Every structure is written in C-alpha cells, then in structure tokens.
Amino acid sequence: MTATTQAEPQQRLRMPKVWRGRRRFLLVTLVVLGVIQAVLALTMALVVDGLLSAVPLTSGTPSVPDPPWAQMVGLAAAVLGIGLARWVERVVAEDLGQDYVYEQRRRLITTGSRRVWSPC
C-alpha cells in the first residue's frame, strides 16, 4: 500500500436506513393494512357467531324462518375486504423491498464509480 491510501480513513459503507423517505410511508401503510385485516377478521368471527346463534334447534332439526341477509352480506364483505387488504399488502411489501434494493444498488454503483474514476 502507498502512503496516500494508508492516510485515507477507511469509510465503512452502511446499509440504507429502512425508516426513511418513501419507505417510511410504505411501512406505515403495511401497519395500517395489518390493523384493517385484524378488524375484518374480528368482524367476520362475530358475524359467523351471530349467524350460527340465529339458527334455532327444535327437536333436533334446524329451522330458519328467514335467512339473515344483512349478516350474510356483512360476512361476504368482510371476506372480500380481507382478500383485498392482503392483495394490497403484498403489492406494498414488494414495492418496499424494491425501493430498498434500488437504494442499495444506487449506493454500490456510486461507490464503485467513484473508485474507478478517482485520480490515483
């Protein structure tokens, strides 16, 4: 090694921060989507409980006078809502990962090009 390379301080490259810029918004979005999924799962459980408790048993055979359409629509909406939230969660998580990898690649290329083009 030459004296000039020994005199330069060894800079340690750090990984990009996760809680920064656009990634902060994406992480918050993932948390919100998780809360939405939990609320919808709880709603779905309560609606199923309501549907099952609405079926009266008389002499061993179930008899339903009128189907509870509102509860069935609520159950369908909760199921579709969970499916939609999971789909959006996967899209946002992929976007978060791609953003992080893009930043890492940008840093690597910038560092590599500085070393190649720097005067010796």
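Predicted model: local features only at pLDDT ≥ 70, side-chain atom pairs only at ≥ 80, totals over all residues.

Me: How many salt bridges does a search of the whole structure find?
Reply: Five.

Me: What does Arg22 form a salt bridge with?
Reply: Asp99. The closest N and O atoms are 3.7 Å apart.

Me: Asp99, buried or exposed?
Reply: Buried, because its relative accessible area is 18% and the cut-off for buried is under 20%. Arg22 is partly exposed, at 43% relative accessibility.

Me: Which residues are linked in a network of salt bridges?
Reply: Arg22, Arg23, Asp95 and Asp99.

Me: On to Glu103. What is the distance between the closest N and O atoms in its salt bridge with Arg106?
Reply: 2.7 Å. Glu103 also forms a salt bridge with Arg107, where the closest N and O atoms are 3.4 Å apart.

Me: How many residues apart are Arg106 and Glu103?
Reply: Three, and both lie in helix 3. That is about one turn of the helix. Arg107 and Glu103 are four residues apart in helix 3, so about one helical turn separates them too.

Me: What about burial there: is Glu103 buried or exposed?
Reply: Glu103 is buried, with a relative accessible area of 16%. Arg106 is partly exposed at 39%. Arg107 is partly exposed as well, at 30% relative accessibility.

Me: Change of topic. Which residues make up the largest nonpolar core?
Reply: Five in all: Leu26, Leu33, Ala85, Val92 and Leu96. Helix 2 and helix 3 (69-117) each supply at least two residues of this core.

Me: Which helix gives the most to this core?
Reply: Helix 3, with three residues.

Me: Last topic, the surface. Which residues form the positive patch?
Reply: Arg14, Lys17, Arg20 and Arg24.

Me: Where is Arg20 placed?
Reply: Arg20 is in the loop between helix 1 (3-7) and helix 2 (22-53).

Me: Why does Arg20 count as partly exposed?
Reply: Because its relative accessibility is 48%. Exposed would need over 50%.

Definitions and conventions: Residues numbered from 1 in each chain as written. Heavy atoms only, no water. Patch = residues over 30% accessible without salt bridge, like charges linked within 9 Å, V, L, I, M, F, W, Y side chains within 5 Å. Areas by Shrake-Rupley, 256 points an atom, 1.4 Å probe, with all protein chains shown as cover. Salt bridge = Lys/Arg side-chain N within 4 Å of Asp/Glu carboxyl O. Lys, Arg positive; Asp, Glu negative; His and termini not counted. Charge placed at Lys NZ, Arg CZ, Asp CG, Glu CD. Buried < 20%, exposed > 50% of the residue type's maximum accessible area, 1.4 Å probe, protein only. Core = buried A, V, L, I, M, F, W, Y, C linked by side-chain atoms within 4.5 Å.
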